[in-house]
Amino acid sequence: MSTEKTFKLDGKSIPFQDGDTIMDAALRAGEYIPHLCHNPEFAPHGSCRVCIVDVNGRHMSACTLPAAEGLEVDNSSERIMEQRRNILQMLFVEGNHVCPGCEKSGACQLQAVAYYTRMLSPHYTHFFPKRSVDASHPDIAIDFNRCILCELCVRASRDVDKKNVFSITGRGLESRLVINSASGKLGNSALSASDKAVSVCPVGAILPKHVGYDQPIGDRLYDNKPISVVGDVASANNQQENAND
Amino acid sequence: MTEMTDNTVNESGEKQKPRIATAALCGCFGCHMSFLDIDERILQLVELVEFDRSPITDIKEVGPCDIGLIEGGVANAENVEVLRDFRRHCKILVAVGACAVNGGVPAMRNQFELKECLVEAYINGIGVENPQIPDDPEIPLLLDKVHPVHEVVKIDYFLPGCPPSADTLWTFLNEILAGEEITFPYSLIHYD
Ligand code: SF4
């Protein structure tokens with residue numbers, strides 16, 4: 001008789017190990033919970049709130065909630081999907097996300113999760129914040145208009161690349177991503193194109209130069225298949241790198 | 001959800017077709033071109049609907065309509081006027097395409113002061129002769145910022161895409177004319 005511990009996700013039994021979050025166990029079982037700031041290679045961050053689920057009547061982020069025996073998790077009701085849509089709509093109006101003018105379009109996780117939740121409009125009033133683009137680095141550009149403050153680049157640069165190129169500064173609405181270099185510019189930071197930090201950005205904020213439209217619009221990761229089937233931007237980049245090795 | 005009311009019979013007892021009006025505000029006309037991409041299905045459409053004001057009919061004033069399709073965002077005083085006129089006359093108003101839905105590419109000028117944009121285009125622009133900022137009273141005044149249409153009037157439905165594909169427009173029109181719930185398969189939801 002197995003003594004496997006389980007919880008229920010949309011009625012399905014999901015096995016878990018001690019120390020797992022709801023997200024860890026779901027990912028291992030091949031169940032998709034929408035997410036942006038989560039990447040299984042890094043410690044959970046819990047900032048984007050897109051992985052919101054209903055757990056025994058309470059709304060929690062799946063990436064930070066420890067799995068426990070007997071939990072009933074709702075990951076797909078219209079009520080949960082609507083909340084996710086609202087969160088995504090806020091992310092869209094808070095920055096400047098001009099999909100027709102973005103070279104990441106079609107392979108952008110923000111866009112893909114919005115498609116998955118059937119978001120048809122931004123609903124809220126746009127902030128149209130004034131943000132800059134930093135193209136001072138020969139191989140990498142950063143467009144702050146599109147940054148959703150997921151801190152994946154911060155975590156990757158600090159924990160994997162050991163370079164600490166990125167930080168978040170300010171609080172609340174004033175929060176923004178900054179570059180740790182003497183001039184504050186990417187060009188004289190320690191970042192290099194092969195850094196983990198360059199491949200983890202879920203949106204079109206950190207972009208490798210010179211490859212923008214190598215893959216045509218229409219053939220991109222999320223153009224024909226949903227993110228629940230093809231997975232995250234970062235894992236697609238990993239596979240790409242392994243294929244190139 | 002807004003529904004079309006049943007007034008399909010006129011005084012003399014004839015069946016009346018639903019009326020559709022379309023307008024292009026601050027867009028590139030791509031959404032109207034995509035609409036024409038429904039190709040020969042337009043013959044089916046004219047069986048189902050009557051066109052009111054639209055660049056397709058060249059009727060200049062919008063009358064009472066069932067459905068209004070708006071392409072483009074709101075960038076000048078005339079856009080505001082046309083949009084409000086459409087809202088007054090159309091039972092169902094639809095934002096069609098990226099510019100109507102979120103301002104789109106024209107809203108990238110919101111990063112700059114209006115004056116900077118005018119100076120860049122008309123004073124310092126490459127190849128400009130006799131530099132001057134146009135000020136003819138017939139030219140609609142530009143707004144400080146470009147806005148999505150839902151920031152100016154109430155919008156009932158949104159069709160994203162730059163442009164929304166002909167199939168997206170066709171699916172929407174068929175569903176709404178049949179009184180069905182508006183749903184799209186994954187392949188028809190795009191922001192680019
Ligand atoms: S630049 Fe990209 S990876 Fe870094 S915080 Fe912003 S969205 Fe996240």
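A polar contact, as I use it here, is a pair of N or O atoms within 3.5 Å; within protein, one must be able to donate a hydrogen and the other to accept it, and residues adjacent in sequence count only if both atoms are side-chain atoms. Between chain A and chain B there are 12 residue pairs in polar contact, both at pLDDT 80 or more.

A word on the source. This is a predicted model: local features need pLDDT of at least 70, side-chain atom pairs count only at pLDDT 80 or more, and totals for chains, interfaces and linings use all residues. Residues are numbered from 1 along each chain as its sequence is written, chains are lettered from A and ligands numbered from 1 in the order in which they are written, and side-chain values use heavy atoms, with hydrogens and water left out.

Now the interface. On chain A, 31 residues are in contact with 25 residues of chain B, contact being heavy atoms within 4.5 Å. The two chains bury about 2,400 Å² between them, 61% of it on carbon and sulfur atoms. Buried area is the accessible area (1.4 Å probe) that two parts lose on being put together, summed over both. A:Tyr115, A:Leu120 and A:Phe128 supply 31% of what chain A buries against chain B, more than any other three residues.

How many salt bridges are there between chain A and chain B? The count is one. B:Glu113 and A:Lys130 form a salt bridge through their side chains, at 2.7 Å, N to O. The term needs a side-chain nitrogen of Lys or Arg within 4 Å of a carboxyl oxygen of Asp or Glu.
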